[in-house]
Structures are given as C-alpha cells and as structure tokens.
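Q: I am new to this structure and would like to learn how to read it. Can we go through it feature by feature?

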Amino acid sequence: MLYGTAASEGIGIGKALIIEEHSLEYENTTVTDTDAEIKRFQNAVEDFCNNTSAQAEALRKSAGDKEAEILEGHIQIIKDPYLCGEIDKLIAGGKCAEAALEQMCDMFIGMFSAADDELIRQRAADMRDVKKSILSILLGVKEVNISQAPKDTVLVAREITPSMTAGINKDNIVGIITETGGKTSHSAILARALEIPAVLSVSGATEKFTDGELVIVDGTNGEVIDSPDYDCVQKYTEKRSGFLKERRELENYRGKETVSASNTEYELFCNIGKPEDALKAVEADGEGVGLFRTEFLFMDRTQVPDENEQFEAYKKAALILKGKPLIIRTLDIGGDKEIPYLGLQKEENPFLGFRAIRYCLKNTELFKTQLKAILRASAFGDIRIMFPLITTVDELRDGRALLEQAKAELKEQGSEFTENIMTGIMMETPSATIIADILAKEADFFSIGTNDLTGYTMASDRGNADVSYLYSPLQPSVLRSIKYIIECAAKNNIPVGMCGEAAANPLMIPLLISFGLTEFSVSAPSVLKVRKLISKWTKEEADKVSQKALSMSTEKEITDYLKSVTQ
Ligand code: PEP
Ligand code: MG
C-alpha cells in the first residue's frame, strides 16, 4: 500500500497508464534574425491560446465554468504585457525564443513558489504549465493526449496539469495518481469537479507502477494499492458501490431545505477559516457560515493584518455568500493556536490562560480594529459577531462596550455598517454553561463549541492519548450541558447553534433535535450528510431517544445505545 494526499473522494479500480513526459531540452543558440525569432515566439503563443481556448471549452462541458476559467487564466498569464514585453526584449537581445520564455517564466515561478499564500503558490504551477505547453509548441513536441485512454484507466503522472485534464474522458479514467500536488492544487480541484478519485503526492509513483498493472485508488483515505489480489479487489468493489450509492443519495438533498421528519426547519451552516472557503460553503449547499475562524487571517505572517486588509477579507466572504448569514468569530488565539508575533508569554496552562476574548479585552486597539473591519463589512451582507471563550457576563458586556466604541468611531468617519449587528457568544466553557440562563438574557445568540466544551467539562486534553478516552461529547456531563444551554436559549427566545465537530456526528443528531437546537454549523463536505440525517428524525422519536440516552450513566452505554438506534 502506498499513501498520499486524499484529494478527490471515491474508489477507482483500473489499469495504470503511466504518462511519460517528453524531453523539452533545446539548444540554447544565439539568434541573429531577431525579428523572425520574435515572430516564431508570437506564433507559438497564438497556437497556445487557440489550443487552450478549445481545451477550456471542452472542460466547460465536462467539468464546469469554474474549471474552464482555470485554463482561460493560462491565456491571460502569457498575454500579460509585462511578461510578453520582457520575452520580446530578451529575444531582441539575441536569446532564442525557448531560452527567453524559460528565463522569464522561471523568474515568476521562483517568486510565486516562495509566497506564503497558497493561492499565489498555485500560480507557480500554472506558470509551469504554460511554460511547458509553449515550449512543446516551439520544439514541435506533441503534448500527451489522454483523451484516447482506454476504459478503466488509472492515470499515473508526475503532475496532472490543467491542460492535460481537459483531455480526460471521465467515462474512461477511473482514478488519478500523481507525484506532486496538494488538496488545493488545480489537479485536485479538477479531479473533484470531474468526480474522479485521486491520490496526489505519492512519491515515485511513475516509477513504482508499470503500464497495464492493476491499481486501486482510494481517494477518500489517500491510499493506493498496487497489484491487489482477488479478495482485495472484491472488498474495494463493494466499498466503491457503497460510496457511489451514498453519493447519489446525498445529491437528492442538494438545494433542499433542512427539515426534520416532523417538518421543523433548521439552519445548516458551514465552518470556514478563510474568506475563499465561503465559496466551498456555497458549493456544498451550506445555507450560510456559522463560524468564520478569523485567527487564520492572523497566522502565517509577521504582523497583525490592518483594518483594511481584514475588512476586505470579511467583505469578500460576505459577497460570496450573497446575503446568507455570516457569523464572524473574533480572534480566538492562545491555547493550541499560536501567533508568534503577538508576543504571548509561554504559560504553564495555555488552555486556561491568556487567550481569546481575554486577550482581546486587554488589547483593545487590536480588538477594536477587528470589530471595525467586521462592522464595515456588515454593509455587504448579513454579518453577525461572535465572541469566543466567554466565561462571565462581564466579558460579554465589555466586548459589547468596545463594539459600541468601534461603532462610534466609524460613525465619526462616515462609514456605513449595520447598527443593530447581532452579537452572540460561543458556549464552550463550563462556566458559561452554568450561567447560560443569565447569558441568554444579554447575548443575541449562542453557538455551542463542543470541541472546547468537551475538553473543559471533562478536564481532558484531546491531544493527550492517556486521557483521550474521556474526551467525548457523549459523556453524560457534556450532554447535560448541551441540553441546558439549549433550554436557556429557548426560554429567552434566542437562536442556538452548534459549531463544534459534534454537530455533524450522526449519534448526536437525534439528541440535538430533541433538545431544540436551531442551527447546525459543520464542515462543507458534511452539509448534505447532516441534512439527510436530520430529515430522518421526527421530534417524537428523537425525544424518546434522548430521554433514554440521558437516563444512562456512562458514555459507553450512551454510545452503544445511540449506535443501535442510528444504524
Ligand atoms: C469549539 O471549540 O467547538 C469550536 C468550534 O471552536 P474551535 O474548534 O475553533 O476552538
Ligand atoms: Mg473553541
């Protein structure tokens, strides 16, 4: 078994087709007729643009608009006036077209590859693809054509470039294995759009396999099995049928409302970490964003993002969501989320230390900057604010007071924002749970963070293997906490959601329906699954299950019982 990055879900069983790359070596000569050489380069660019727009059209039909835009982006890359102008200049100075193209492209590839931002790094891969295609045209080398691959083919390549993907016939290609590329690379995006199972970054794949060898690609678990025996093929054939059946069934839930079998409607949101993830939420059919973890905007950099940069990020997410709710959580650093440039002291007990709202209430300028950026973005969508790690009513009041100051400062500047922006809190500490009745009178909404609530309630660090047996949201104490929080919210007529991992746990769904949760916020790939799970329960059945589960004394009894009624 070989392992790689699980980039596109599903199981593919087929014969390996190794994509060999042709040599693109050339003689680096000095040209004398530079005008003719410039013309040769321009003709190659023209051929490239024509081929690429034809490929983009093919891809638009097989995968979709967004995927076609990736290829259209390649045309824009080479048509960039600066890039073309510099290549022409190099040729005019005597370089051959191949060398001039390579020098300029390599300069950009080096620059893009060094960037922290993954999207910019991705541009290096695009540039490499463009360079390869134009070099092939200049050298008269035929690019690999995979459109003729036989049925049940598993493509094995160093890299699947977007231009190669355009030739993929999804009736014939059942799996993709590459040596490079991550989850967000274009190869991965395209494989997902074409619904072809893919495992990327399998080192040495092109040498390990031989043409025609039987291979299994498990794109869900990132596994590749070479020369499987009969039993193994049987096992994976069954797995594949199960996967395809479930995928077909889940698609029936796309575009539908989230309702239980007793017709109660729920909001089904997504958790995101970056503004562009809002697109994933929309594509996954999420009805909004229930948790935007803003700390990711502060990580992997050397200084605090300023108000404008944050404003642009929040606005971007709001615009993508086109009026769907967007709950932005203020900075939740500390604990396991370190931001070196903020200069936080090393603490004996970081999870009980100076973190999240505690840090923000002491660093008011940094906090107000974020609040102002969120407020300004609220003019572009249905934005709500959420404070993390609340333990006392004072924290909520102090947070709100700073929010009022931020509003006043914006008003003075004449900036627009939503005056009555909803302000809610994460319910993720035992203290907040115990005073949920008091907090519910002052917060506009609750969102239960079961990841932390479980850890703090059970005094158990999930990263510590010796105590992880305690870490379960199905512990009686955690379940009672969740029930009480929801009851307090209901009594005070405020919405109550859950954005911890437990919201997508099939065993939890009947309990949450019974307790009266109003919103579920889950990872994008879980949306349809959770919608389906919710649709299966009536309130009456869910109540029966929750009463029985809550009468039990141990997590094991509860888990065993819930498994018996949910499977
Ligand atoms: C939680 O604690 O459940 C939660 C959603 O927040 P995070 O995982 O970011 O701490
Ligand atoms: Mg948390």
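A: Start with the terms. Helices and strands are DSSP runs numbered from the N terminus, a helix having at least four residues and a strand at least two. The model is predicted.

Q: Where does A356 lie, and what is its phi?

A: A356 lies in helix 13, which covers residues 356-362. Its phi is near 50 degrees, again a positive value in a residue other than glycine. With a relative accessible area of 0%, A356 is buried.

Q: Which helix does H186 belong to, and is H186 buried or exposed?

A: H186 is part of helix 7 (residues 186-193). Its relative accessible area is 12%, so H186 is buried. H186 and I160 stand 26 residues apart in sequence, and their C-alpha atoms are 8.6 Å apart.

Q: How far apart are the C-alpha atoms of T30 and K245?

A: T30 and K245 are 215 residues apart along the chain, and 61 Å separates their C-alpha atoms. T30 sits in the loop between strand 3 (11-18) and helix 1. Its relative accessibility is 69%, so T30 counts as exposed.

Q: How is the chain divided into domains?

A: Domain 1 takes in 2-21 + 145-251, domain 2 takes in 34-139, and domain 3 takes in 262-566. The C-alpha centres of domain 2 and domain 3 are 44 Å apart.

Q: Which residues does E37 touch?

A: Begin with its place: E37 is in helix 1 (residues 34-62). Leaving aside residues up to four places away in sequence, E37 touches V31, I91, K95, C96, A97 and E98. E37 is buried, since its relative accessible area is 8%.

Q: Is T423 buried or exposed, and what does its side chain reach?

A: T423 lies in strand 14. It is buried because its relative accessible area is 1%. The side chain of T423 reaches the backbone oxygen of I421 at 3.2 Å. Not counting residues up to four places away in sequence, T423 touches I385, F387, R400, L403, A443, D444 and F445.

Q: How many residues surround ligand 1, and which are the closest?

A: The shell around ligand 1 has 13 residues, the closest being R293, R329, K337, G449 and N451. By type, three of the shell residues are nonpolar, four polar and six charged.

Q: What are the distances from R293, E428 and D452 to oxygen atoms of ligand 1?

A: For R293, an N or O atom of the side chain is 2.7 Å from an oxygen atom of ligand 1. For E428, a polar side-chain atom lies 3.0 Å from an oxygen atom of ligand 1. D452 uses a backbone N or O atom, which is 3.0 Å from an oxygen atom of ligand 1. Ligand 1 on its own has 290 Å² of accessible area, and the protein covers 94% of that area.

Q: Which elements supply at least two residues of the shell around ligand 1?

A: Strand 11 (289-293) and helix 18 (450-458) each do. Helix 18 gives three residues, the largest share of the shell.

Q: Why is helix 18 described as largely enclosed by the rest of the structure?

A: The description counts buried residues. Eight of the nine residues of helix 18 are buried, so the helix is largely enclosed by the rest of the structure. The buried ones are T450, N451, D452, L453, T454, G455, Y456 and M458.

Q: What do the buried residues of helix 18 pack against, and which residue follows the helix?

A: They pack against strand 11, strand 14 (423-427), helix 16 (430-434), strand 15 (446-448), helix 19 (476-491) and strand 16 (496-498). T423, discussed above, lies in strand 14. Helix 18 is followed by A459, with a positive phi near 45 degrees.

Terms used: Residues are numbered from 1 along each chain as its sequence is written. Chains are lettered from A and ligands numbered from 1 in the order in which they are written. This is a predicted model: local features need pLDDT of at least 70, side-chain atom pairs count only at pLDDT 80 or more; totals for chains, interfaces and linings use all residues. Side-chain values use heavy atoms; hydrogens and water are left out. Buried means under 20% relative accessible area, exposed over 50%, partly exposed in between (1.4 Å probe, protein chains only). Contact means heavy atoms within 4.5 Å. A residue is near a molecule or strand if one of its heavy atoms lies within 4 Å of it. A polar contact is a pair of N or O atoms within 3.5 Å; within protein, one must be able to donate a hydrogen and the other to accept it, and residues adjacent in sequence count only if both atoms are side-chain atoms. Accessible areas come from the Shrake-Rupley method with a 1.4 Å probe; for residues, only the protein chains shown count as cover. Ala, Val, Leu, Ile, Met, Phe, Trp, Tyr, Cys and Pro count as nonpolar, Asp, Glu, Lys and Arg as charged, and the others, Gly among them, as polar. Domain bounds come from an automatic or database domain assignment.
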